[in-house]
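Biologist: Hello! Could you walk me through this structure, one question at a time?

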Amino acid sequence: MANAFATPEQDRLALREFFSKRFPKLDLNEMANGLYAFDEGAREQWLEMEDFPPYEIAVEAGEEAFNQPFANGKGYADCFENGGIGIRQNYPRFDTDSGQVVTLELAINQCREANGEEPLPWLTGELAEISAYMAYTSRGNEMNVVIPDDPRAIAAYEAGKEYYYTRRGQLEFACENCHMQSAGNLLRADTLSGMLGQATHWPVYRSKWGEIGTLNKRFQECNEQVRAKAYEPQSEVYRNLEYFLSYMSNGMELNGPASRR
Amino acid sequence: MAADQAESEPALAGAQETLRDAATRVQLWTTSDQLLQSAAEAAASGDYDLAIRQLEEAELHAQLALATAEREKTVWQKSVPKPDHP
């Protein structure tokens, strides 16, 4: 259902206004660092970790996997613009041929299947490592998710937006309850990150996972935390959600992969 | 009167169908699957009263998930920040 109130760009600017008023002394670009924009003690620990970041091994493994030719002699570089280097900011993108949102992880597996390879598991492991490498090559680029002049694309954006703001699960939380209304506040022992910049730093090495994981893994985890049954990774629901969330971070510098608690 | 196997098996099948149908329309609670699993285990151990109660609970949770989704259709937009200068 189309939103009668605002265009995606108006949504993005209204969101920035919201956080500007809520945190008048904060450089909004800092919100790309999640909870570390709000929690000074945690930020200091995080900065120390960045000297020897836990995602470093994943980036190296990802680079090796990325450069490993497929059995047919081709490689990931053949599937992506600019050989797959420095392009993370363009994802998710709307594929007008298939009429669906394509995340970077989906594109990686589509590349594999197009070249006769088995798809990789979605949430962790080699797929996340390749995504980490591609994110690393894109650091500093500004998020640039495009919504083409196609009603299907705007419908996908609006579906993601509705999902973000809709309460669900036995605990009846919407994503925005934590990451907009309560951003910067404590939920048990954790400081809640803000919605702005939430998509800039994926995939993420989470200490609680002990490995690098994709944004879909986090979506599933968040769903389960509010006692909503998680969707399958890379489901249409999650891809649309990532599309909306990423558009909201347009203009912000990519800083993935990242480490989090 | 205590429930028996003859009652619990169709009740389990009915609850599974109810949840399958609800899942096509809404994101169910994680508790629904847990209750179905628990009901199946209770039935397997012969505690059919418990199995029936848990199946009824599972179906109630599905109905509540549907009710939340129905309500949210009309209220979610209130949470979206509006531009100060549209």
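Predicted model: local features only at pLDDT ≥ 70, side-chain atom pairs only at ≥ 80, totals over all residues.

Biologist: Thanks! How is chain A divided, and what distance separates the centres of its domains?

Modeller: Domain 1 of chain A consists of 8-53 + 148-260, while domain 2 is 56-136. Taken over C-alpha atoms, the distance between the two domain centres is 22 Å.

Biologist: Which element gives the most to the side of domain 1 of chain A that touches domain 2 of chain A?

Modeller: Here 26 residues of domain 1 of chain A are in contact with 23 residues of domain 2 of chain A. On the domain 1 side, α6 (151-165), β6 (211-213), α8 (215-225) and α9 (236-248) of chain A each supply at least two residues. By class, that side has 12 nonpolar, 7 polar and 7 charged residues. With 6 residues, the one giving the most is α9(A).

Biologist: And which element gives the most to the side of chain B that touches chain A?

Modeller: Between the chains, 17 residues of chain B are in contact with 22 residues of chain A. The chain B side holds 7 nonpolar, 6 polar and 4 charged residues. Both α2 (30-44) and α3 (48-75) of chain B supply at least two residues to that side. The most, 3 residues, comes from α2(B).

How values were computed: Residues numbered from 1 in each chain as written. Chains lettered and ligands numbered in written order. Domains from an automatic or database assignment. Contact = placed C-beta atoms within 7 Å. Helix = DSSP H or I, 4+ residues; strand = E, 2+ residues; numbered from the N terminus. Nonpolar A, V, L, I, M, F, W, Y, C, P; charged D, E, K, R; others polar.
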